[in-house]
Amino acid sequence: MPSKQNSYAKPDFWSQKAFREGYPARSVYKLEEMDRKFGLLKGASKVLDLGSAPGSWTVWLLRNIKEGGSVVSVDLNPLAKDVKADNLTFIQGDLLSAEVRAQIEAKGPYDLVVCDAAPLTTGNRTVDTARSTALVEMAVYYAQQQLKNGGSFCVKIFQNGSQQKELQKMRAIFTTAKGFKPEACRNESFETYLIGLNKKEVQEGM
């Protein structure tokens, strides 16, 4: 049986498809499937892509957003050099910094917030899932603060005991919140996604 390391190193169907279609990484097909199932991009004219490098999700969003729409893409690392567009704003920096937060806010509010960020993994599942949960909490914060009423959200999370806790938080923000594992996720991966649909209107006094 091939090791996990070897299976990750060998280009699979999705990796080869991404290369043929001009995407920096195979993760694009996870977003494509979620959009097909949940209509994430439907009607969206402004999208925030958190933890976006090397840029596959950003490229897909730029190719599929409605005419006149725009994408704000944010990561500590630069996007692939060919990820460029007149309707793309790339912000390089730490999502936890006040400066980056202010730049994101200045371009908002958004119809859709997506986050495919993953922590630097250690091989220790307890540590890695805790780091993933911290990223999810940050993404949920941005969704809560930057999404328009009726907006949608998706975020990657490593499967662990905190998944239901995060969904519970999201159910207070969205009409619908659920977990979903796209077909393009590797079989051995313990990543999945949380989906939030139709952000609720914030009531006065809340």
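Of the 206 residues in this protein, buried ones make up 48%. Keep in mind, everyone, that we are looking at a predicted model.

Let me start with the overall layout. The protein has seven helices and seven strands. If you walk along the sequence, the order is α-α-α-β-α-β-β-α-β-α-β-α-β-β.

How many residues does the largest nonpolar core have? The number is 28, and the residues with the most contacts inside that core are L48, L50, V74, L95, I104 and F153. Several elements each supply at least two residues: the strands β1 (46–50), β2 (70–75), β4 (110–115), β5 (147–158) and β6 (174–180), along with the helices α5 (98–107), α6 (125–146) and α7 (163–173). Which of them gives the most? That is α6, with six residues. There is also a second, separate core of 27 residues, and L41, L79, F180 and I195 are among its members. As a general background remark, nonpolar side chains in soluble globular proteins tend to be buried together.

Setting aside neighbours within four places in sequence, L48 touches V72, V74, I104, Y110, L112, V113 and V114.

Now for a polar residue, S152, which you will find in strand β5. Is S152 buried or exposed? Its relative accessibility is 9%, and buried means under 20%, so S152 counts as buried. And what is S152 in contact with, beyond the neighbours within four places in sequence? The list is L40, D111, L112, V113, L147, G196, L197 and N198. Notice that L112 and V113 are in contact with S152, and that L48 has contacts with L112 and V113 as well.

Last stop, a helix pair. Helix α3, residues 28–38, packs with helix α4, residues 56–64, at an angle of about 45°, and their axes are 8 Å apart. The two helices are therefore oblique to each other, and their crossing is right-handed. On the α3 side, the contact is made by V28, K30, L31, E32, M34 and D35, while α4 brings S56, W57, W60 and L61.

Note on methods. Residues are numbered from 1 along each chain as its sequence is written. This is a predicted model: local features need pLDDT of at least 70, side-chain atom pairs count only at pLDDT 80 or more; totals for chains, interfaces and linings use all residues. Side-chain values use heavy atoms; hydrogens and water are left out. Axes are lines fitted to C-alpha atoms, for helices over the stretch in contact, and angles run from 0 to 180 degrees between N-to-C directions. Helices (H or I, at least four residues) and strands (E, at least two) are DSSP runs, numbered from the N terminus. Angles under 35 degrees count as roughly parallel, over 145 as roughly antiparallel, 65 to 115 as roughly perpendicular and the rest as oblique. A crossing is left-handed if the near helix is turned anticlockwise from the far one by less than a right angle, and right-handed if clockwise. Contact means heavy atoms within 4.5 Å. A nonpolar core is a set of buried Ala, Val, Leu, Ile, Met, Phe, Trp, Tyr and Cys residues joined through side-chain atoms within 4.5 Å. Buried means under 20% relative accessible area, exposed over 50%, partly exposed in between (1.4 Å probe, protein chains only).
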